[in-house]
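Let us go through this structure step by step, beginning with the surroundings of the ligand and then turning to the domains and to the backbone of one loop.

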Amino acid sequence: MNFETLLYQQEGSIGVLTINRPQALNALNKDVLRELKKFADEIKSSQDIRVLIITGSGEKAFVAGADIKEMQGMTPKEAESFSVFAQTAFNAIEELPFAVIAAVNGFALGGGCELALSCDIILASEKAKFGLPEVTLGLLPCFGGTQRLPRAIGLYKAREMVFSGEFYSAADCKEFGFVNRVITSEELMNEAKKLASTISLRGPVAVHKAKQSLNTGFELHIHEGLQQEAHLFGELFNSEDQKEGINAFIEKRSPDFRGR
Ligand code: CO8
């Protein structure tokens with residue numbers, strides 16, 4: 001895969017996607033967003049990837065937000081379309097059929113924080129700073145932040161973050177509940193790969209269906225969510241992986257999941 005603003009490397013079944021505009025602290029301009037969407041569309045049908053890690057290039061930033069310079073002079077209609085376009089790209093990341101880990105190595109501001117929130121698991125370095133500083137620019141978070149953040153941490157903490165526009169440490173965000181773990185900068189990628197490696201050994205069809213059950217079920221009434229959970233559980237019994245998992249347990253060996 002060849003991109004101008006993204007770097008992609010695959011180690012076995014683990015993909016590492018790096019947002020690569022270090023000169024602008026990896027800010028999300030139209031090119032990055034277009035490429036992110038294209039990347040998600042291409043990778044979603046890959047048979048040999050089981051976990052994706054997303055990180056930022058350089059030591060300073062994961063992603064310092066949408067590209068502020070591109071917003072100058074936008075009309076209301078252009079701004080709305082830009083927001084929809086970015087939301088579509090982030091939805092595509094969120095809906096990937098495998099686990100996605102954000103390895104947040106520095107500033108995750110505005111669109112950068114929202115990108116992390118569209119990943120399944122957020123690991124952060126001690127140096128990471130999160131924030132939704134849109135109101136400091138006379139804007140509001142529009143790449144999903146006003147929707148995903150309160151769902152993740154509740155309305156009250158989300159209001160504080162959105163209304164204040166302040167930056168928060170990784171430790172604060174862990175306490176808020178949307179950062180899973182805080183790790184030293186040196187160890188961040190190793191830890192992300194270790195977790196990815198653990199997940200990659202699990203049944204890929206099961207991880208995919210569990211992700212669907214968690215993410216979609218979260219939006220539903222519990223009764224509908226439970227119905228969906230049972231339905232997805234039933235669907236797993238069409239998969240070879242399910243038979244392999246159970247057989248491996250009974251035969252006292254490690255399962256050899258094929259993702260089908
Ligand atoms: N957009 C464009 N360029 C950026 C951005 C950005 N978001 N962030 C940093 N840069 C650029 C700087 O302009 C600078 O470039 P140059 O050297 O050419 O001047 C370079 O990156 C390095 O940045 P700094 O010199 O500022 O580095 P510092 O270490 O001094 O500061 C900060 C780091 C604190 C991260 C600072 O750069 C900063 O505050 N950046 C902006 C953060 C921000 O407000 N992000 C939110 C943006 S809004 C958003 O994401 C969602 C809004 C959606 C709007 C959609 C509209 C349709």
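**Ligand, domains and a loop**

In this predicted model, three elements, α2 (68-71), α3 (76-94) and β6 (107-109), each supply at least two residues of the shell around the ligand. The ligand is surrounded by 25 residues, of which the closest are A27, G65, A66, G110 and G111. Sorted by class, this shell holds 18 nonpolar, four polar and three charged residues.

At the level of the whole chain, the division is into domain 1 (6-200) and domain 2 (204-250). The centres of domain 1 and domain 2, taken over C-alpha atoms, are separated by 26 Å. Seven residues from domain 1 and five residues from domain 2 take part in the contact, and the side of domain 1 that touches domain 2 is made up, by class, of four nonpolar, no polar and three charged residues.

The backbone deserves a look as well. Most residues other than glycine have a negative phi. Against that background, L25, which is not a glycine, has a positive phi near 50°, and N26, also not a glycine, has a positive phi of about 60°. L25 is placed in the loop between β2 (14-19) and α1 (30-43), and N26 is likewise found in the loop between β2 and α1.

Are these residues buried or exposed? A residue is counted as buried if 20 or more other C-beta atoms lie within 10 Å of its own; L25 is therefore buried, because 21 other C-beta atoms lie within 10 Å, and N26 counts as buried because it has 29 C-beta neighbours inside 10 Å.

Conventions. Residues are numbered from 1 along each chain as its sequence is written. This is a predicted model: local features need pLDDT of at least 70, side-chain atom pairs count only at pLDDT 80 or more; totals for chains, interfaces and linings use all residues. A residue is near a molecule or strand if its C-beta atom, placed from the backbone, lies within 6 Å of it. Helices (H or I, at least four residues) and strands (E, at least two) are DSSP runs, numbered from the N terminus. Ala, Val, Leu, Ile, Met, Phe, Trp, Tyr, Cys and Pro count as nonpolar, Asp, Glu, Lys and Arg as charged, and the others, Gly among them, as polar. Domain bounds come from an automatic or database domain assignment. Two residues are in contact if their C-beta atoms, placed from the backbone, lie within 7 Å. A residue is buried if 20 or more other C-beta atoms lie within 10 Å of its own, exposed if 12 or fewer, and partly exposed in between; C-beta atoms are placed from the backbone.
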